[in-house]
Amino acid sequence: MTSAHAITLKTYGAVFTALLLLTALTTGVAFLDLGSYFNTVIALTIACAKATLVLLYFMHLRYSRPLTWVIAGAGLFWFLIMMSLTMSDVLTRETVTGLIR
Amino acid sequence: MSDSRLVHAHQFDDAEQQRDAASLGMWIFLATEVMFFGGMFLGYTIYRSMYAEAFAAASNRIDLIPGVINTTILILSSFTMASAVYHAALGRGRALQISLLLTIVLGAAFLGIKLYEYHEKFEELLVPGALFSFPAPFSAAAEIFFSFYFAMTGMHAVHMIIGFGLLAKLLFDARRGRYSAGYYTPVELVGLYWHFVDIVWIFLFPLLYLLGRHL
Amino acid sequence: MWENLPLFPQQASTLAPRVDALYFFLILVSVFFAGLIFVLIFYFAVKYRRRSDADQPRAIEGSIPLEIVWTVVPFALTLVMFGWGAWLFAEIHTPPRDALEINVVGKQWMWKIQHPNGQQEINELHVPVGQAVKLLMTSEDVIHDFFVPAFRVKSDVLPGRYTQIWFHATKPGEYRFFCSQYCGTQHSGMIGRVIVMEIPDFQNWLSGGAAGVSTAQLGEKLFESLGCVSCHRPGGAVQAPSLAGLVGKPVKLEGGKTITADESYIRESILDPRAKIVAGYQPVMPSYKGSISEDGIMQIIAYLKTFNPQEGEARRP
Amino acid sequence: MNIPSAGPRRHYLNAGYGVRSWLLTTDHKRIAWLYLLSITFFFVIGGAFATLMRIELLTPQGDLVQAETYNRLFTMHGVTMIFFFLIPSIPAVLGNFLVPLMIGARDLAFPRLNLASWYVFILGGAFTLIAAAAGGVDTGWTFYTPYSSRYSNSQVVLTVVGIFITGFSSILTGLNFLVTIHKMRAPGMTWFRLPLFIWSHYATSIIFILGTPVIAITLVLVGLERIFSLGIFDPARGGDPLLFQHLFWFYSHPAVYIMILPAMGVVSEVIACFARKRIFGYSFVAFASLAIAVLGFLVWAHHMFVSGQSVYASMVFSLLSFFVAIPSAIKVFNWTATLYKGSIAFDAPMLYALGFIGLFTIGGLTGLFLATLGIDVHVHDTYFVIAHFHYIMVGGAVMGYLGGIHFWWPKMTGRTYPEGWAKLAALIVFVGFNLTFFPQFILGYLGMPRRYHAYPPEFQVLNVMSTAGASVLALGYLIPIIYLTWSLRYGRIAGTNPWMAKGLEWETHSQPHSANFDAQPIVREEAYAYSGEERGDLQPLGKPVDV
C-alpha cells in the first residue's frame, strides 16, 4: 500500500547528488554570458528539473495515484493561467496601446 | 506497536481511507501554496520584464556564497526528511528520530544564514524604505527588486518556521513511539510540506541570486 | 417632469450614437431571452401546477438537440456582441491624427487642464464642436478616471503613465465629467464641466484669457532651463540622441529591441533615463525626477512634438 | 453508533447543551450552526452600513454623513458582505450541513479542521470589526493601490489582516469538501448520482483553494507595503499600478462564482423537488458548474477594460468573458426545461428558486453588456455595475441562500416555519430587490459613477426610488429572521421528509443524530428519482421516458 517502500535510500542518495550537481551547474552557467534570455531560460530549465526530481522521488509523485498528479498539475496549470494572461497585458501594453497615432 | 494505533477516526470506514484522505488533503493544500507563492512570482516576472538590467544589477549586490550554502543545506535537509519518511515506513524509530533531528538542525542552519544575509542587507542599506540606497540609474527598480527579495524569502522563511513547529511535534511524538510501519501518515505529510518549501527555494535561488552574474 | 427624471443620457459626440446602437442591440437580445425564460416559467408554472399530492410526473432525462441549440445560439450571439464591441473599442483607442491635443493632470481632488496655447483651467474643459479632441492624461498621486457620459468615453488616469481618450463633440452645450475611479475622500467632488463651443466662440475663449505663451513654448523654456538643450543638440557637451521629429517614430534600443517613442516613453526617459537606452549611446543622462512636475513634462512633450524634423535633419552633422 | 433508547430521540442538537459542546464541537451540523449565527451577525452589520448609505443618497448633497464616513460605509459594507457573508454563506452553512449528509458520510473528512476554519473565520472577523471600531477603512473593498498602499489614512492594515485570515477559512473549507467528496461517498454514490448541490460545491471548492491564496498574498503585500514601505505597488517608485488589479481580480472575479455556484446548486435541488422531476440535462448542469469554475479564472481582466491595460489583452478577456456566460445560460435553460410536464408546487423555497432564476437571468444578461468592450467603456464604474453585481450576488446568491435555508430548515431544526409568512417574505424580497436595483441600471447608463457621496441633482429621483425599494427589501429580510427564530420553538414538528424530496439527507431523521445515519446508506438510484423510473435502467439521453 505504501509508496515509500518503492524507493530505497540509494535512490534518495542519487537524487540528492543530482540536485547538488544541478545546483553547481546552474551557479556555474550563471557566470557565462549567453545573453539575458538564454541565461534565464537555462536557469529556469535547471530549476524545473530540480523541482521535478524532488516531486517525483522525494514526494513520491512517481508512485502516486492519478488523482495526485491531477492536483499537482492543477496547481501548475492555474499558476500558468495567471502568469500567461497577465503577461498578455504587460507585454503588449506599449506596442498595442498606441498612444500616438 | 499495538494495533490500537491503527484505529481510524469515526468518520472514516478504515485506516486506509483515512490515510488516503490525509494525503489528498495535503496535496490540495500544496496546490494552494503554489498559488500563494505564485502571486509573488507573477509580480517578480512583470517587473523583471520591465526592468531587466536594474534587476540584474540589484541581484549582483547579493552575496552569492551564503545563497549557495543555503541551497545545499536545504537540499540536504530534504534528503534527511525523505529518509525520515523512509525509516518511518520501515518502523525504525531510532533512525526516524535521528533523521528528524538532522532536518531540524539543517533548517535552523538555513535560517541562521538567512538572518546573517538580512543583517548584511541592513548594513548595506538595501532594505526598501526611507533608508534604501542604490546607485543612481537603477535605484527605483532596485528597490522593487529588494522588495521582492524580502517578501519572497521572508514568506519562505515563515514557511520554514512553521515547518519547524511541525517537525518538533513529529520528533516529540516519535520519541513517544507514536509512529509505526502501519501508521506514519503525519511524517509523510510533513515530508510533503517540507519538500514543497524546498521546491520554492529551488526557484528563488536562480531568480534572486543568479540573475546578473554573467554581467 | 423628464428634466428631473432623465432616463437616457445626452448624445453629444460622434461615438455616442454608435455606443447606443450596440446598447440597444444588447437590450433587444436581453429582452428576448429574459422574456422567453419568464414566459416559459409562467406558462409551465400555471400549466403544470400540482393538482394533487399524488401527482407523479414522468421523468425526462434531457435532450441533446436542445442542449446543442441553447449552447450554440447564445454562443453565436455573444460572438456578434464581442465583434461589435471590440470594433467600437478599437475606434475608441484610435484618435484621428489631426486631433486637438489637450493635457489633463488629475490630482486629489481636482483636474488641471492645459490647452496647446498655454491656456489653463481647473475642473472645466472648453472644447470646439465638430473637431476631434484628444486628452493626454496622467495623475500626480492615485488612480483617477476621466469620464464624460455624454460622449460615452472614459479612461483611468494613472500615476506614472499616460492614458488618453478622444472624442468628437457634435453639439454645443455643457456636459458633466466625473472622476469615476474611487480616489479618496473628495472623490465625488472631483467633477467638472465640458463646455462645447462653436469654433469661433472657442477661438475667442482661447484668446480671451491666454497668457500668450503656448504650452510648447513653455516646454521649450523648460528644455533650456533644465539644460536638456546642452546635450540634445549636435556637438553638445555629451553625445546624446537627437530629438528632432522623435515623437511617434520607432527607436532602436540597446539590446536590439525597437519601440515607438510615445509620450510614456519620453516621460520615462526624462524621469528614469537609463530604463531604455537608445542603441549606440552611453547611459549618462541624469534623472530629472523631482526637478520637473507632471505639467512640465507634458509641456516638454508638447515642445518636442513641434520640433521640426527638417530642421533637425539639417542640424545633424 | 449510538442507538436511541427510551426517552426523546437523541439528535445532534440535544447531544449536548453546554457552551463547550458547541464551541468545541466537531460535528459538521453544529459547525454549520456556528457559521449560520456568525454570518447572520455580519449580514446585519453589512445591512446597517447599506441602510445608512441609501439614506445618505436620498439627497444629492452629502448631508447625513461626511464624505469620510460615507467612504468608510461603502467600504465596510463591501468587505463585510463579500468576505464575511456572501462567500461563506451557502458553502459554510448549507454546504457544511449537507455535503456529508448528501453523499452518505458520517462527517466531513477533517472535522477538527472544519472547526478550526470557523475559528479562523471568527478571528478574521474580529480583526475587521476592530478595524471598523478603530475608524474603519476607506479604500473600497477593492483596495486599489496606490491609494490603499500609500495614501489612505484609515485602518487598511487591520482590515487586510482580517481578510487574509478569513481567506484561510475558505481554503480549509474548500479542501475539506474536495477530500470529502472524493473519498467519502457512500457505496453506490457514483459521480453521476451526486446531487447537483454537491457538483456545485465541488466546483466552488476548486475556486476556494486555487483563488483564495492569491488574494491572501496580494493583501499581505499591500499590508507589508504600508508597514515597511516596500515598493511593489508604488508608481512613484517605478511600480506598475495595474499589477495589484491583476492579482486582486484573479481571485475576486472567481469569487463571484464562489457566491453564485452554490446558489445554483440549491436551486437545482429545490426545483427538482417542487417540480417532482429529475433535473433536465443533469450532466450538462453538472459539467456547467465545472466549466464555470475553470472559465471563471480566465476572465478577470474584464474589470480592467478602462484601466490602461493593453488593448490586445482587453480583447482577449472580453472574448473569454463571453465564453463563461454560456454555461450559465445552459443552466438557466435546463432549469426552465425541468419545469416542463412537472408537478409544480409553490412552497416558499420554490418561490425563492424561481425568483433566483428571474433575477439571475437579468444579472447574467446585463453581464453581457459589461463584457462588451464598447459598452463597458461607458458603464464601467457606474451604477450599472452596481446594479449588475447586486442582481448576481443579492438577487442570485442571497435568494439561493434564503431558498436553501427554507428548504432544509426542517432538516436542520426538525420544525417547519409558518408557510404563509415565508411566501409573503419571498414576495417582498423579490419586489423590494427589483425596486432597489433596477433604477440603478438607468442611473448607470446615465453616467452616475459609483462610490459617490454627493451627486448631481438630476439623478435624485432614481436614487429616491432605489432607497424606497431598499426599505422594502430590508423589511423582506427582517421577516424571515423573525419567523425562523420563532419556529425554533413553536414551529410544527417536521418529520423526516416534509417535502417528499429525494436525496440521502431526507432519508435520515430530522434532525439527524450525530453520526448522521442509523446505518451506512447504500445508493441504488440516480439523483432526483422522483418518478421511480430512474433505478438503474434510465432511458438513454435525448429520449423522454414519456410514451
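In this predicted model, the contact between chain A and chain B draws 40 residues from chain A and 35 residues from chain B. On the side of chain A that touches chain B, the elements giving two or more residues are α1 (9-30), α2 (36-58) and α3 (66-90) of chain A. The largest share comes from α3(A), which gives 13 residues. By class, this side of chain A holds 28 nonpolar, ten polar and two charged residues.

Chain C and chain D also meet, with 75 residues of chain C and 83 residues of chain D taking part. The side of chain C that touches chain D receives at least two residues from each of α1 (15-47), α2 (64-92), β6 (144-148), β7 (153-157) and β9 (173-179) of chain C. Of these, α2(C) gives the most, with 16 residues. The residues of this side divide into 42 nonpolar, 19 polar and 14 charged.

The two sides described by composition are set out below.

| Chain A, touching chain B | 40 residues | 28 residues | ten residues | two residues |

**Chain B**

Chain B has six helices and zero strands, and its elements run α-α-α-α-α-α from the N terminus on. Along the principal axes, the C-alpha atoms of chain B fill a box of roughly 70 × 30 × 30 Å. Of its 215 residues, 56% count as buried. Among the contacts in chain B with a separation of 6 or more, 78% come from residues 24 or more positions apart.

The average pLDDT of chain B is 91, and 97% of the residues score at least 70. Residues 1-5 of chain B, however, have a pLDDT below 50, and this stretch has four contacts in the model beyond near neighbours in sequence. Where pLDDT is low, the predicted coordinates should not be read in detail.

**The sheets of chain C**

One open sheet of chain C consists of five strands in the order β3-β2-β1-β5-β8, with mixed pairing. Its edges are formed by β3 (120-122) and β8 of chain C; each has a single partner strand, so one side of each is left without a neighbour in the sheet. The twist from one strand to the next averages 25°.

At one end of this order, strand β2 (residues 110-114) of chain C runs antiparallel to β3(C) and is joined to β3(C) by three bridges. Within this pair, Q114(C) stands opposite Q120(C) of β3(C). At the other end, strand β5 (residues 132-139) of chain C pairs with β8(C) in the antiparallel sense over six bridges, and V133(C) has F167(C) of β8(C) as its bridge partner. Although β8(C) is an edge strand, five of the six residues of β8 (residues 163-168) of chain C are buried, so this strand is largely enclosed by the rest of the structure.

A further open sheet of chain C has five strands in the order β4-β10-β9-β6-β7, again with mixed pairing. Here β4 (124-128) and β7 of chain C stand at the edges with a single partner strand each, so one side of each has no neighbour in the sheet. Neighbouring strands of this sheet are turned by 20° against each other on average, direction ignored. Five bridges link β6(C) and β7(C) in the antiparallel sense, and F147(C) stands opposite K154(C) of β7(C). Both β6(C) and β7(C) supply residues to the side of chain C that touches chain D.

**Helices of chains C and D**

Helix α6 (residues 263-271) of chain C is mostly covered, with seven of its nine residues buried. These buried residues are E263(C), S264(C), Y265(C), I266(C), R267(C), S269(C) and I270(C). They pack against β5, β12 (258-260) and α7 (294-306) of chain C.

In chain D, helix α15 (residues 460-490) has 31 residues, which at 1.5 Å a residue should span 45 Å; its end C-alpha atoms are 45 Å apart, which agrees. The buried residues of α15(D) include L462(D), S466(D), G469(D), L473(D), G476(D), P480(D), L484(D) and S487(D). An α-helix has 3.6 residues a turn, so residues three or four places apart point the same way. Among the elements that cover the buried residues of α15(D) are α2 (28-56), α13 (383-413) and α14 (419-446) of chain D.

How values were computed
Residues are numbered from 1 along each chain as its sequence is written. Chains are lettered from A and ligands numbered from 1 in the order in which they are written. This is a predicted model: local features need pLDDT of at least 70, side-chain atom pairs count only at pLDDT 80 or more; totals for chains, interfaces and linings use all residues. A residue is buried if 20 or more other C-beta atoms lie within 10 Å of its own, exposed if 12 or fewer, and partly exposed in between; C-beta atoms are placed from the backbone. Helices (H or I, at least four residues) and strands (E, at least two) are DSSP runs, numbered from the N terminus. Two strands pair if DSSP finds at least two bridges between them. pLDDT is the predictor's confidence in each residue, from 0 to 100. Two residues are in contact if their C-beta atoms, placed from the backbone, lie within 7 Å. Ala, Val, Leu, Ile, Met, Phe, Trp, Tyr, Cys and Pro count as nonpolar, Asp, Glu, Lys and Arg as charged, and the others, Gly among them, as polar. Axes are lines fitted to C-alpha atoms, for helices over the stretch in contact, and angles run from 0 to 180 degrees between N-to-C directions. The expected span of a helix is 1.5 Å times one less than its number of residues.
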